Amino acid sequence: MKDAFLLFFRRENKQLQGRNLLCLWVTVGVFLVAILSAGFSVASMDYLQEKMSDPFVTCIDIPVSQSWSKGYEELEEFLAKPSNQLQLGYQSVEKVNLISDYFQVSPEKSLQLDGRTLYMNSPLKGPILSNNNVIQQRIEPIKDSDFGLIICEEGLDKLDLKGDDPAFLRQVVYIDDSIYTFSVPILAIVKRLPNMCDFIATYAYAQQDIAKEGAHHFDLSKDQYNKELRLVALDSQQEDIKKFIAKQEYVTSVATQPYFGAWSNEYSMLIVKSDLDNRKDYFNELFKLIQKKYPEVERIIDFQYDPDVSTQAPQIVSCYFKQDSLEYKIEQFGTILKQETKYMIDMSKVENLKNIARVQQMGNTLSFCILLIVVVFISVFIYFLLNTHFQKIQRNLGTFKAFGVSESMIRKVYLLIISNLIVSAYAIAMAVSWVISKIVNTFMPITDDNGQYARFDCIVWQNGALLLVTLAFAILTTILVVKRLLSYTPGDLIYNRNQD
């Protein structure tokens, strides 16, 4: 019986696959299109999902200065309400101050750069300091109390420093018709920054610009900033510079210590002290003398950070929304914000965010439709394939039944044939799809400022579901067709009396 089963299976399997395995290749083609379509759709949706979760995308900026608003206090109170956060879907709020300062391009020229503040617990910190965006970064984590800047390539380009990766910028300060310079550590160099700004200032730095009181706005004429001269030099020059300073008149001591304030760790700090009364002028002259011999030496100032200092009102308030709130709550947020505070948000940004959410939904729907179409197509294909085949061999089947071949055996043969056809076609299509995806993802990936992303991703659960659902419907179709055929008597099949 087993030999008869295997013989029947081999011959019927060959017949159903068609001449030159035509039916197999048709099924492979259908699976190939479906797998590649699902792979492209899933990869695109994953890319879109990452973009939608990016704080750059989910952030809504509210300008504080709006003529018809009720004022910043009303806005601050509205955004601070936990009930509003829960109802309107925003998860955090950040106050942003916009600042501008002058930096040295050459000894004779300075240029104004525009920046913004950023708390180090901001959702923007992650994408700004991501591996794809960072060019250089300090090893130690950046904190609000660190005095320094995060600068982008565009900002360095304005200073003619792009590609140089400097560890310091020399800031220019105008005080009482006098020009002072000091060096600001660069904590990180990145490719891009939000709000089209050139740099991001830590709050220890920004405090000098935005504090109402308690800071001196980089006023280097204050005695507290001239108690000692702080210099930063390359480790390779440290000893030579130290000896040179020690020889200068009125220098009482020169101490050295490691310096890790900038992104580069190749620097040491020299602390120079003097017992003169007028140390400000003396240190200025001494620094010019040192810099003349060692141009790479930087002068830094110990600006103290006070987290409790009162600051000016921000120019922008940024609201970061949850991704699942983009489509349904962001418009409601704009409406209620306007009703209660008279503040308005940029509705074009709202529409863009809603459109992104809709595109994601459409992509998911498209994946489901592709799966459904393939299942229906293969089920219909198998139905007509079996019907056509049975019309040719129904007399043989009638003879088999007359000689006692069980319906169960015949049903198992065709179930095995169809299952083998589906699994074989799917395996071939998946292998071809995998090769295609590897080639495409290697030579034609999706590329943006954050890096490269796969254009196809065939190893996804959707394609696994495609096999299981297609196999289930193919088996069901086979059972129904075979059952209908075998419901006739052997005589009806032999003498063709089963035709309606």
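Start by selecting Lys-342, which counts as partly exposed at 41% relative accessibility. Lys-342 is found in the loop between α11 (326–341) and α12 (347–402). Those labels come from DSSP runs numbered from the N terminus: helices are H or I runs of at least four residues, and strands are E runs of at least two. Now check the backbone: phi of Lys-342 is near 70°, a positive value in a residue other than glycine. Most residues other than glycine have a negative phi.

A quick word on what you're looking at. This is a predicted model, where local features need pLDDT of at least 70 and side-chain atom pairs count only at pLDDT 80 or more, while totals for chains, interfaces and linings use all residues. Residues are numbered from 1 along each chain as its sequence is written, and side-chain values use heavy atoms, with hydrogens and water left out.

**Another positive phi**

Go to Asp-160, in the loop between α7 (153–158) and β7 (168–175). Asp-160 is not a glycine, yet its phi is positive, at about 60°. Is Asp-160 buried or exposed? Asp-160 is exposed, with a relative accessible area of 58%.

**Zoom out**

Show the whole protein for a moment. Its secondary structure comes to 15 helices and 16 strands. Of the 500 residues, 48% are buried. The protein exposes about 25900 Å², and carbon and sulfur atoms supply 55% of that area; accessible areas come from the Shrake-Rupley method with a 1.4 Å probe, and for residues only the protein chains shown count as cover. Among contacts (heavy atoms within 4.5 Å) with a separation of 6 or more, 76% are between residues 24 or more positions apart.

Next, color helix α9 (residues 238–246) and helix α10 (residues 279–293). Two packed helices are described by the angle between their axes and the distance between the axes. Here the axes come within 11 Å and cross at roughly 140°, which makes α9 oblique to α10. The axes are lines fitted to C-alpha atoms, for helices over the stretch in contact, and angles run from 0 to 180 degrees between N-to-C directions. Under 35 degrees counts as roughly parallel, over 145 as roughly antiparallel, 65 to 115 as roughly perpendicular, and the rest as oblique.

Which residues of α9 meet α10? Show the side chains of Ile-241, Phe-244 and Ile-245 in α9, which meet Leu-289, Ile-290 and Lys-293 in α10. The residues of this contact divide into five nonpolar, no polar and one charged. In this scheme Ala, Val, Leu, Ile, Met, Phe, Trp, Tyr, Cys and Pro are nonpolar, Asp, Glu, Lys and Arg are charged, and the others, Gly among them, are polar.

**Into a strand**

Ala-233 sits in strand β10 (residues 229–234) and is buried, with a relative accessible area of 1%. Try the distance tool on Ala-233 and Glu-296: they are 63 residues apart in sequence, and 7.0 Å apart in space, C-alpha to C-alpha.

**A buried arginine**

Move on to Arg-299 in strand β13. At 5% relative accessibility, Arg-299 counts as buried. Not counting residues up to four places away in sequence, Arg-299 touches Phe-182, Tyr-225, Phe-283 and Phe-287, among others. Arg-170 is 129 residues from Arg-299 in sequence, with 8.7 Å between their C-alpha atoms.

**Last stop: a loop and a helix**

Select Pro-307, in the loop between β13 (298–300) and β14 (316–321). Pro-307 is exposed, with a relative accessible area of 55%. Gln-207 is one of the buried residues of α8. Why is α8 described as largely enclosed by the rest of the structure? Seven of the eight residues of helix α8 (residues 203–210) are buried, so the rest of the structure largely encloses it.

Key:
Buried means under 20% relative accessible area, exposed over 50%, partly exposed in between (1.4 Å probe, protein chains only).
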